[in-house]
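Subject: Handing over the structure

Hi,

Here is the structure I promised to pass on to you. Have a look at it first, and then read on for what turned up.

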Amino acid sequence: MSENLPGGPLTLADGLTLSRMGYGAMQLAGPGVFGPPRDRDQALAVLREAVDLGVRHIDTSDFYGPVVVNELIREALHPYPEDLHLVTKVGARRGDDGSWIPSLEPAALKAQVQENLRHLGLEVLDVVNLRVGMSESTTDAPVGEQFAALAELRQQGLIRHLGLSGVTLNQLTEAQAIAPVVTVQNLYNLANRQDDALVDRCAAENIAFAAFFPLGGFTPLQSDTLDGVAARVGASPQQVALAWLLQRSPTTVLIPGTSSVAHLRENVAAADLKLPADAIEELDAVAA
Ligand SMILES: NC(=O)c1ccc[n+]([C@@H]2O[C@H](COP(=O)([O-])OP(=O)(O)OC[C@H]3O[C@@H](n4cnc5c(N)ncnc54)[C@H](OP(=O)(O)O)[C@@H]3O)[C@@H](O)[C@H]2O)c1
């Protein structure tokens, strides 16, 4: 099975094997990642199609909706295939107006783990990311107390693997002194490469670097170079942006989001696109 995983399998130090091409479920909630989806049947169809296409790594959180996305995942896919890895994250909650409110107190983090378990219909969560920063890694605030709270739940058997999101190199080092970190999820794409050093550190330590907003998120990637390479290799710009990320490092994993089955198929197919060296060189220069 694992050799058929889109993008190939990535086996991490803790024994976790992810498909390098995953799926990010955030966009399945309503506008602003708030409330129900525009098209519920389509949202369920996207999740089922992802699994049918071999994706075994779905990124989610209870704060998408809130709760909406986890409930869609449960409805579409439970009972889950044994090798499907649901990666969730804790560290925020939503206001009644849809605002994003940091929620990082140890007791709140533990409550969020319980909520993810309940809404996904699981007894153990495969991977839980401590989401520290709102977007890219910008501050070095201590994360030890928060990460220790999740490490405690891992010891109790409620979580198998731990990760971090929106962190700096120093925060990664601090967390690693407490428990193994199998994945780091930060904003990273062709045009946003502030975290190049983190990508390289993850590769050196066999940690999955999950690039969020791989297609630019709410601000779609736009680049003449990207369009030019896409035309030359006979792929869409989105496929080229994803293929570039897969080739950027051996431990990048992708979680492109979409609410469209057609876009999902296109994105998963990008796992088979091998960009030639001259195209990589051109694309590398986009953010220079
Ligand atoms: N840790 C964090 O703080 C954090 C923050 C943000 C996101 N995330 C995670 O990262 C995942 C990815 O982020 P994202 O979904 O916001 O951004 P993204 O993957 O960069 O882009 C998604 C956007 O691109 C469009 N799109 C997708 N495939 C396309 C295609 N083949 N052609 C044209 N347009 C396409 C989607 O629209 P359609 O629906 O129309 O396809 C959607 O608007 C999320 O799902 C979430 O799981 C994590």
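Let me start with a definition, as pockets come up first. On a 1 Å grid over the protein atoms alone, a pocket is an open set of points with protein on both sides within 12 Å along at least five of seven lines, while a cavity is a set of points where a 1.4 Å probe fits but cannot get out; lining residues have an atom within 4 Å of a point. Grid points are joined across faces, edges and corners, and a volume is the space filled by probe spheres set on the points.

Two notes on the source. This is a predicted model, in which local features need pLDDT of at least 70 and side-chain atom pairs count only at pLDDT 80 or more, whereas totals for chains, interfaces and linings use all residues. Residues are numbered from 1 along each chain as its sequence is written, and side-chain values use heavy atoms, with hydrogens and water left out.

**Pocket and cavity**

The largest pocket has a volume of about 880 Å³. Its lining comes to 45 residues, and Met26, Gln27, Phe213, Gly217 and Phe218 lie nearest its centre. Helix H7 (224-233), helix H8 (237-248) and helix H9 (261-269) are the elements that give two or more residues to this lining. Helices here are DSSP runs of H or I with at least four residues, strands are runs of E with at least two, and both are numbered from the N terminus.

Residues lining the largest cavity include Leu16, His57, Asp59, Val87, Val127, Thr183 and Val253. S4, S8 and S10 each supply at least two residues of that lining.

Valine 127, one of the lining residues, lies in strand S8 (residues 125-131). Valine 127 is buried, with a relative accessible area of 1%; buried means under 20%, exposed over 50%, and partly exposed in between, using a 1.4 Å probe and protein chains only. Leaving aside neighbours within four places in sequence, valine 127 is in contact with Leu16, Leu86, Val87, Thr88, His161, Val182 and Thr183, where contact means heavy atoms within 4.5 Å.

**Aromatic pairs**

A search of the whole structure finds seven aromatic pairs. Rings of Phe, Tyr and Trp (its six-membered ring) pair if their centres lie within 6.5 Å; planes under 30 degrees apart count as stacked, over 60 as edge-to-face and the rest as tilted. Tyrosine 64 and tryptophan 100 make an edge-to-face pair, 6.3 Å centre to centre with 70° between the planes. Tyrosine 64 is in the loop between strand S4 (57-59) and helix H2 (68-77) and tryptophan 100 is in strand S7 (residues 100-102), so the pair ties together parts that are 36 residues apart in sequence. Tyrosine 64 is buried at 6% relative accessibility, whereas tryptophan 100 is partly exposed at 28%.

Ring pairs also link Phe63, Tyr64 and Trp100 into a cluster. The charged end of arginine 94 sits over the ring of tryptophan 100, 3.7 Å from its centre; the rule here is that NZ of Lys or CZ of Arg is within 6 Å of the ring centre and within 35 degrees of the ring normal.

Phenylalanine 212 and phenylalanine 213 form another edge-to-face pair, 5.0 Å centre to centre with 80° between the planes. Phenylalanine 212 is buried at 13%, and phenylalanine 213 is partly exposed at 23%.

**Helix faces**

The buried residues of H7 are Leu226, Val229 and Ala230. They fall within an arc of 100° seen down the axis, so they line one face of H7; the arc is that of the directions from the helix axis to the C-beta atoms. On the other side of H7, Asp224 and Ala231 are exposed. The buried residues of H7 pack against H8 and helix H10 (277-284).

In helix H5 (residues 169-176), Gln171, Leu172 and Ala175 are buried. These cover an arc of only 105° around the axis, which puts them on the same side of H5. The partners that the buried residues of H5 pack against are helix H4 (144-155), strand S9 (159-165), strand S10 (183-187) and helix H6 (196-204).

Best wishes
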